[in-house]
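The exercises below each set a task and then work through it step by step. Please look over the chain and its fold before reading the solutions.

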Amino acid sequence: MKPAISHRNAYILLTLTMLMWSTNFVIARALHGLIGPFTLAFARWGIALCCLLPIALPRLRREWPGLRRQWRLLLLLGLFGIGLTNSFLYWAVRTTTATNAVILNSATPVMVLLLGSLYFRQRLSRRQWSGMALALSGALLIVLKGDPRALAGFHFGGGDLLVLAGGLSWAVYTLGLRKLKPGIDPLVLMATLLLIGELLLLGPFAWEASGSGWPSLGGGAWASLIYLGLLPSVLAYLMYNRAVAAIGTAKAAGFLYLMPAFGALQSILLLGEELRWYHAAGLAAIFGGIALSSLLRARPAADGAPLPAGAAKRA
């Protein structure tokens with residue numbers, strides 16, 4: 001098992017992870033008219049599982065005792081991290097606006113901190129809470145395009161509940177990583193979670209496919225699916241879990257605010273949108289908030305304490 005990485009490297013991994021995950025939202029919105037939410041989730045994780053199985057299977061016998069001892073926790077992580085989180089979000093973007101989804105998804109880091117304080121009794125300093133608030137304000141500044149009056153157009157509906165459910169699922173998954181015991185090969189662990197998620201998604205996928213059948217996809221759609229199955233689903237998850245193992249859930253939570261910022265930057269670079277003052281100001285606030293809440297020396301009772309190396313397996 002590789003030793004825990006340094007905090008600096010963990011921050012780099014988290015930043016790259018958020019960049020990959022921001023493209024996941026963009027592609028999901030682009031494909032939602034072509035493929036159902038459960039079919040998209042099932043296909044994404046299925047591609048990821050097929051890529052990992054040739055590597056993980058030869059190591060399975062060696063890792064089986066460790067997997068068996070933690071089967072309840074693995075079931076929970078596979079359910080919430082693989083089966084539910086993205087399925088809820090893919091379902092949500094069919095019935096809610098992108099703005100609503102991004103605004104409500106910004107509550108996920110707060111959910112991580114609140115659940116952590118309730119379950120693990122972690123204590124966060126005023127500076128950490130202030131940093132999270134600053135990062136949240138930066139994310140909202142970008143989403144609202146610098147105009148707070150845009151909140152007047154916010155209407156809460158069923159799709160918005162799904163966004164919140166997805167954020168809560170991710171908070172449970174992130175905190176569940178803390179309970180993993182060291183010693184399991186990260187690739188075997190990830191393949192196991194993917195397999196659990198795929199089995200849990202099989203029923204919803206079959207139900208969805210029975211009504212509409214497998215969609216007819218062009219080359220671009222298949223390329224997007226393969227990308228989702230490789231980078232946001234394999235590489236980013238490995239990096240996220242390794243970073244959480246090194247710096248803890250509280251510090252990692254603030255990096256989730258980078259997703260709307262990176263989404264805005266992608267719109268500028270790929271869609272030709274103009275760079276506005278609120279993009280720069282929002283990004284500065286997000287990085288400032290992350291620095292304030294994450295780059296501090298961890299207290300003994302805080303969640304920033306390093307986790308066992310075996311807790312590492314997003315994405």
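**Exercise 1.** In which helix is the place of Leu265?

Solution. Leu265 has its place in helix 12, which covers residues 258-271; helices here are DSSP runs of H or I with at least four residues, strands are runs of E with at least two, and both are numbered from the N terminus. This is a predicted model, in which local features need pLDDT of at least 70, side-chain atom pairs count only at pLDDT 80 or more, and totals for chains, interfaces and linings use all residues. Residues are numbered from 1 along each chain as its sequence is written, and side-chain values use heavy atoms, with hydrogens and water left out. As a next step, consider accessibility: Leu265 counts as partly exposed because its relative accessibility is 28%, where buried means under 20% relative accessible area, exposed over 50%, and partly exposed in between (1.4 Å probe, protein chains only).

**Exercise 2.** Describe the secondary structure and the confidence of the protein chain.

Solution. The protein chain has 13 helices and 0 strands, and 53% of its 315 residues are buried. Turning to pLDDT, the predictor's confidence in each residue on a scale from 0 to 100, the chain averages 82, and 88% of the residues score at least 70. Confidence is highest in helix 2 (residues 37-56), at a mean of 94, and lowest in helix 5 (residues 98-105), at 70. Over residues 297-315 pLDDT stays under 50, and the model has 73 contacts beyond four places in sequence for them, a contact being heavy atoms within 4.5 Å.

**Exercise 3.** Which residues have the most contacts inside the largest nonpolar core?

Solution. Met18 and Tyr240 have the most contacts inside this core of 89 residues, to which helix 10 (residues 219-247) gives the most, with 13 residues. A nonpolar core is a set of buried Ala, Val, Leu, Ile, Met, Phe, Trp, Tyr and Cys residues joined through side-chain atoms within 4.5 Å. Leaving out residues up to four places away in sequence, Met18 touches Tyr240, Phe255, Leu256, Leu258, Met259 and Phe262. Tyr240 is also 9.7 Å from Tyr11, C-alpha to C-alpha, with the two 229 residues apart in sequence. Tyr11 lies in helix 1 (residues 7-31) and is buried, with a relative accessible area of 14%.

**Exercise 4.** Are Thr108 and Ala101 buried or exposed?

Solution. Thr108, found in helix 6 (residues 108-119), counts as buried at 5% relative accessibility. Beyond its neighbours within four places in sequence, Thr108 is in contact with Gly167, Trp170 and Leu256, while Tyr257, 149 residues apart in sequence, is 9.1 Å apart from Thr108 in space, C-alpha to C-alpha. Ala101, found in helix 5, is buried too, with a relative accessible area of 12%. Not counting residues up to four places away in sequence, Ala101 touches Thr96 and Val163.
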